[in-house]
Amino acid sequence: MAQLYTPSQIVKNFPRTCLRGIGQVMFQDNMWTGLLFVIGIFWGAYAEGFPAVAWGLVVGAVVSTLTGYILQLPDKNGAQGLWGFNGCLVGCAFPTFLGNTVWMWIALIICSAMTIWVRTGLDNVLGRWKMSSFTFPFVLSTWFFLLASRLLHGMPPEYMGSPELPGDVHTALNTGFGDLVVYWLKGIAQVFLINNWVTGIFFIAALAVSSIRAAVWAMISSAIALATVIWWQGPGADISEGLYGFSAVLTGIALGATFCNFSWKSAIWTVIGVFITVFIQAAMNAFFSPIGLPTLTGPFCVATWIFLLPAYEFFQPKNAQ
Amino acid sequence: MAQLYTPSQIVKNFPRTCLRGIGQVMFQDNMWTGLLFVIGIFWGAYAEGFPAVAWGLVVGAVVSTLTGYILQLPDKNGAQGLWGFNGCLVGCAFPTFLGNTVWMWIALIICSAMTIWVRTGLDNVLGRWKMSSFTFPFVLSTWFFLLASRLLHGMPPEYMGSPELPGDVHTALNTGFGDLVVYWLKGIAQVFLINNWVTGIFFIAALAVSSIRAAVWAMISSAIALATVIWWQGPGADISEGLYGFSAVLTGIALGATFCNFSWKSAIWTVIGVFITVFIQAAMNAFFSPIGLPTLTGPFCVATWIFLLPAYEFFQPKNAQ
Amino acid sequence: MAQLYTPSQIVKNFPRTCLRGIGQVMFQDNMWTGLLFVIGIFWGAYAEGFPAVAWGLVVGAVVSTLTGYILQLPDKNGAQGLWGFNGCLVGCAFPTFLGNTVWMWIALIICSAMTIWVRTGLDNVLGRWKMSSFTFPFVLSTWFFLLASRLLHGMPPEYMGSPELPGDVHTALNTGFGDLVVYWLKGIAQVFLINNWVTGIFFIAALAVSSIRAAVWAMISSAIALATVIWWQGPGADISEGLYGFSAVLTGIALGATFCNFSWKSAIWTVIGVFITVFIQAAMNAFFSPIGLPTLTGPFCVATWIFLLPAYEFFQPKNAQ
């Protein structure tokens, strides 16, 4: 666990380390990608009247990156942005779902920090199969606090859906071309829980700065997910907010542009993976309905594990760690 | 991953490979067992007015076996029927629970194929403890699609129970001797989701062709499960359809006739395992009640893992892989 | 698996082995600790009008310890009390939640025995990461039977809460100093499911006999948990019965006095662990609300795994096995 940097270098590098952490949410070790993500998030959060989501992002990224230094983890990981990507998502999720109270912000800070050791622990387990925890440390830690909010009134579940038995929610959907483009872009923006199509454009640009292949797979994946959920007649309200897109986008970037070498075979594999992510998304939505819990990026983690664990030579996987 | 067969041999062997896959649902690498299962299933499916279940079985077995060849997995496994047993159960489950639509059949095909790589992945994990995934690839993949059907109206949950809080469903039960025999045989038939006592007789015969010991344990296990759930006063409607029997039957064949060498000790171990499977069945029924999801053969997988994982010398376990 | 004792020694040592098992619920390999636990439990169970809980404790400890001998497990583990701690908790839990019927007692005996092989199996798995199953064999086995009780009327869920969607249960709480002391002591007593503050005093004394450090961490942890859940405005009825304390107490003893060497760093680590246990407790309460299942000591297991799995050098962990 040799450390690369002196304290003064840590301070100097800190903003870059945080931005790379934000870029790593979509697997890009690139501070410019991170910066464009931040701009897109601030745009969308203010446009939608939820500025706390953008500030939560900053707090989450800073707190979790600091925690990595405090715990003296190997700073090579930190420099690659591997400390920040879970924490910044915690920072987006808390104000999206919980009331804006002091207790919520304290919980946000604790939960962002916690993702660091949850990640180390899960990676200790999954590393046995050369597998990574992806964003599951964010998902698991945030689930604990969002569920707890049902019973702890200092941190109320103000913007979470009501718990209800899963049922017949057949809401209509406008399917004009302009509408579809908006849903498609929102599917990308929702990776950071932003319900705004302009943010989706920022995100595509941000990916393209680092990897054209990642940007293309994000666009393809959101389109496949949208087509699939419309064909299978999913709930209109969720489709129009991009809620069937974000996990599929992450699966697409993970399989198509990160953990498999390029080939026609791996491209087909990715398309199937994105397609099945939509069903896993619907399944987890139904499963969590009686407790009113959002899936977060859980469906992406489950789908990507399912498609990487077999480690078929056929798809020329890279090491997923 | 040396391949045993040339393409022309694959074509010639294909029906046998599929039949062995169907036989492996009850751990029998025997095409005649598979054939008798198919006959019993067609009998029961047509008798109960659900012919799609029988045709689903055929589609599922063919698709998943083909997928094994397409992915170029080691064909020694295929020849033993290890590619077909999850897929054929997917094929029975989809028409049992979902409406008969085009979207359902497309999903059935995707899900049958998917069991192949879910199985490889799970076995990569469980293999560390010399444990196999049994029918859990079928269970997990099918759970995703059945849950998704609550929200995706192209594939409606037509024959699934309504989601409801678990409660006081004390339905009466006729316990004449003839009734008990019917429940006991249905417990065996329900392994392939068939609610027909004649099918149960076919299945006993099918097992006996391959292994008398397996047939005997299937009969004993269904009887133990029936006695247990009647003594503990379980819900009459489920008992009379054999729904407390099928997981116990699989546990009995797995522990009693497949993964333990014969001895008085391992026989007692098997009886305890079958007995506890009944409680795990009831527990999972209650757990899934608010989302209206059937357990499928999940209780068998959980129970058998619990009884094989300790790997006590005492019971002379064979390698469960 | 050399055996230490002859049959006559086993008989002679049996009471001591059982008492050590009871002591191990709070990680103390000490028969006097176990004896004081038993006295505190009998006091509380009779005072609260639930004598069956105390007798269940005895039956569970005896049955599970006997099972260890019958299965011929290495009796070094038995002598350390590692066979009894799950079984005795099963014995407390069944009469706490289920109606007092013959079928309940038979199930109690089976479930106590079952914890032995569930523990061997889980430890086989978790041992790969030098981790132990703690009280999870008790938790998992008991969850099966408590859930099953919703459907099996021979063993009715008489004292379990009704299944309901998680919601707005903001009950008031008296916070006079005397009240707080009672809640704080009940938080410790509830480790054995006893709702009685005097029992809490017995338990602190019992811990102090074996380890002052463990007694101090139990007291600190119950206090932290109480303060946290009051600040975050949890449900008054549960707080006043100590139901937010018991898992936190176990996390505190595990991290603070058992699996980390003493240092300021590990003390801070323990405090954070105890704090987060409260949120995991609330989260699991909400998660299980629609099926009306108690969390038992599940939140402690989850929290302690999360804090031990990273195995940071920073906190000087001992081997958790």
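In this talk, contact means heavy atoms within 4.5 Å. By that criterion, 35 residues of chain B are in contact with 35 residues of chain A.

Before going further, the conventions. This is a predicted model, in which local features need pLDDT of at least 70 and side-chain atom pairs count only at pLDDT 80 or more, while totals for chains, interfaces and linings use all residues. Residues are numbered from 1 along each chain as its sequence is written, chains are lettered from A in the order in which they are written, and side-chain values use heavy atoms, with hydrogens and water left out.

Let me continue with chains B and A. Buried area is the accessible area (1.4 Å probe) that two parts lose on being put together, summed over both. For chain B and chain A this comes to about 3100 Å², with 78% given by carbon and sulfur atoms. Three residues, B:W117, B:L151 and B:H153, supply 23% of the area that chain B buries against chain A, more than any other three residues.

Which elements give two or more residues to the side of chain B that touches chain A? They are α6 (102-126), α7 (136-148) and α13 (264-288) of chain B, where helices are DSSP runs of H or I with at least four residues, numbered from the N terminus. The most comes from α6(B), with 12 residues.

I turn to chains A and C. Here 35 residues of chain A are in contact with 35 residues of chain C, and the two chains bury about 3200 Å² between them, 78% of it on carbon and sulfur atoms. On the chain A side, A:W117, A:L151 and A:H153 supply 23% of the area buried against chain C, more than any other three residues. Between chain A and chain C the salt-bridge count is again zero.

Over all chains, the count comes to six salt bridges. One of them joins A:D29 and A:R20, whose closest N and O atoms are 3.4 Å apart. In chain C, the side chains of C:D29 and C:R20 meet at 3.5 Å, N to O. A further pair is B:D123 with B:R119, at 3.6 Å. Because B:D123 and B:R119 are four residues apart in helix α6 of chain B, about one helical turn separates them.

By contrast, B:D123 and B:R119 are both buried.

Finally, B:Q28 lies in the loop between α1 (7-23) and α2 (31-47) of chain B. At 6% relative accessibility, B:Q28 counts as buried. Its side chain reaches the backbone oxygen of B:M26 at 2.9 Å. Setting aside neighbours within four places in sequence, B:Q28 has contacts that include B:R20, B:T33, B:L207 and B:I253.

Technical notes: Salt bridge = Lys/Arg side-chain N within 4 Å of Asp/Glu carboxyl O. Buried < 20%, exposed > 50% of the residue type's maximum accessible area, 1.4 Å probe, protein only. Polar contact = N/O pair within 3.5 Å; in protein donor to acceptor, adjacent residues only side chain to side chain.
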